[in-house]
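Welcome! Try each task before reading its solution.

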Amino acid sequence: MSLDTEAVVTSAANEPFAVMAKPTGPICNLGCDYCYYLEKTELFGSQERFRASESVIETYIRTNIESSVGPYVQFSWHGGEPTLAGIDFYRRIVALQQRYLPAGWSALNNIQTNGTLLNDRWAEFLAANQFTVGISIDGPAYLHDSLRRDKSGCGSHVRVMRGLHVLRAHGIEPDVLCTVNSATVQHPLAIYRFFREQNVSWLQFLPVVRRAADGGADALSVDPEALGDFLCTIFDEWIRHDVGRVGVQNFLESLLVWSGQEAHLCVMAETCGRVLAMEHDGSVYSCDHFVDEQHRLGRVDDGLAALLESPSQRAFGTFKRDGLPSICRECPVRFVCNGGCPKDRFAVAPNGEDGLNYLCGGYRRFYEHIDSYMRRMVALAARRLPITQIMAQVAALDNGEPVIWPDVGRNDPCGCGSGRKYKHCCLRGASSAPGSS
C-alpha cells in the first residue's frame with residue numbers, strides 16, 4: 001500500500017506486525033513459471049481441500065484483533081489466488097470482523113490478486129467494504145504473458161487488465177506489483193512507461209530469486225547486475241518526470257531511510273520476523289518465504305502475540321542483523337540495504353564468508369546511484385519545499401545550469417547536502433550533477 005495510507009498494526013509489545021493469511025493456501029488458477037508458492041501443496045496430503053474452515057478464519061480474526069492495540073486492525077489476504085474462495089467467503093469475514101471488533105475500532109482489509117477473476121460483483125463488494133487491492137502485472141502483454149500463463153498455457157494479460165479496469169470503474173485504484181525476472185529485467189523503460197501510460201499511481205518492483213537444485217539461483221531468477229541496471233534506469237526516468245505522479249515503492253521507501261526514518265519494508269529493515277504467514281489450515285510460519293516445517297511456529301489457536309514473541313521467532317528476526325557477513329557490516333549502503341531478504345542470502349562473499357545476498361551487486365549499484373538525489377530531496381523537505389522540485393533541479397543540472405537554493409550564501413554549505421560550499425557545488429551547474437567529482 002502507499003506510504004500515506006498504510007495502516008500500522010501493533011502487537012501487545014507495541015511493535016508493528018502483519019499476517020499474510022492464505023484462505024486457499026497455495027492453490028491458484030494461474031501457473032506462473034517463477035511462482036515459488038505453488039510447490040507448497042507438497043506440505044499437505046493428497047486429499048487436502050485447500051480452503052480455510054470457518055473455525056480457522058474466526059480464530060484468526062479474533063486473535064488478530066486481540067493481539068492489536070487498535071483502533072485499526074489490518075487483515076491481508078494472499079495466496080495462491082485468494083479470490084478462489086469466492087465473494088461469500090469474504091462476506092463472512094467482514095461479518096466476523098464486525099462481531100469481534102471493539103467499539104470504535106475498524107478492520108482494514110487488503111487483498112493481493114492476479115486480477116483474472118475480478119468482475120463487477122467482486123468490485124462492488126470490495127468497494128462497499130473498503131478493501132484495498134494489490135494486483136500483479138508484469139508490464140505489457142508480450143512480457144507479462146511470457147511467464148504469467150494459466151494452467152492451459154494461455155497468457156493472462158487481457159484478463160488482468162480487464163480486472164484492473166473493473167476495479168477502477170468502481171472507484172478502486174489498486175497498487176501494482178511487478179516482478180522482475182530474467183525475462184523482464186531487460187526491458188526497464190518499456191515496463192515503466194507501460195505503467196505510466198496506464199496511469200498507475202502506486203507501483204512496486206519485486207525481484208524474482210529462486211533456488212536451483214545446486215543451491216544457486218535458477219534460470220528464471222533475475223541477474224543481480226541486471227537488476228541494478230533495471231532499477232537505475234527506471235529511477236532516472238522517474239526522478240526527471242514522475243516524482244509526485246507515480247509512487248514507486250522501491251524509491252519512496254529508500255527516501256524514508258535517507259530522511260532518517262525506518263523503512264516499512266521488512267526487506268530493508270535491520271531485523272525482520274514481524275510478518276507471519278498463516279496457511280489455510282491455521283498453521284503459522286515465520287514468513288511467507290519460509291513456509292516449511294523448520295519455520296512452523298504453531299497454530300493460529302496459540303495466539304498471534306505468543307507466536308510473534310516466541311524465542312524461535314525472535315531469533316529468526318534478529319538473525320537478519322546478527323548473521324550479516326563482514327562485507328555487509330562494512331558496506332557504505334548497509335543503512336538502507338541491511339543485507340536484504342534472508343531468503344536470498346546464499347551467495348559467498350569475496351573473502352569466502354557465507355551469507356552474502358545474491359542480489360548484493362545490484363542493490364549496491366542502485367543505492368549508490370540514488371544517493372545524491374536522495375540527499376537533495378531530503379534537503380528540499382527540510383526547507384519545507386516540495387520534493388517535486390527535484391525534477392527542476394535535475395533538469396538544470398542536465399543542462400549545465402546552476403541550481404538556486406534560497407537563503408544559501410555563496411560560501412555556505414550547499415543546500416544539496418554535498419558538504420561542499422555552494423559556490424563550488426550547485427552554483428557551478430554541470431559540475432555538481434549527481435555522479436560528478
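The side chains of Arg 168 and Glu 173 meet in a salt bridge, 3.0 Å from N to O. Before we start: this is a predicted model, in which local features need pLDDT of at least 70 and side-chain atom pairs count only at pLDDT 80 or more, while totals for chains, interfaces and linings use all residues. Residues are numbered from 1 along each chain as its sequence is written, and side-chain values use heavy atoms, leaving out hydrogens and water.

**Exercise 1.** Work out whether Arg 168 and Glu 173 are buried, partly exposed or exposed.

Step 1: recall the cut-offs for relative accessible area: buried is under 20%, exposed is over 50%, and partly exposed lies in between (1.4 Å probe, protein chains only).
Step 2: Arg 168 has 24%, so it is partly exposed.
Step 3: Glu 173 has 36%, so it is partly exposed.

**Exercise 2.** Find where the salt bridge between Arg 91 and Asp 88 sits.

Step 1: a salt bridge needs a side-chain nitrogen of Lys or Arg within 4 Å of a carboxyl oxygen of Asp or Glu. The N to O distance here is 3.5 Å.
Step 2: both Arg 91 and Asp 88 belong to helix α2 (residues 87-100), 3 residues apart, or about one turn of the helix. Helices are DSSP runs of H or I with at least four residues, strands are runs of E with at least two, and both are numbered from the N terminus.
Step 3: Asp 88 is exposed at 57%, and Arg 91 is partly exposed at 42%.

**Exercise 3.** Describe the salt bridge of Asp 344 with Lys 343.

Step 1: their closest N and O atoms are 2.7 Å apart.
Step 2: both Asp 344 and Lys 343 are buried.

**Exercise 4.** Describe the surroundings of His 295.

Step 1: His 295 lies in the loop between β9 (283-285) and β10 (296-299).
Step 2: its relative accessible area is 14%, so His 295 is buried.
Step 3: leaving aside residues up to four places away in sequence, His 295 touches Val 284, Tyr 285, Ser 286, Phe 290 and Phe 316. Contact means heavy atoms within 4.5 Å.
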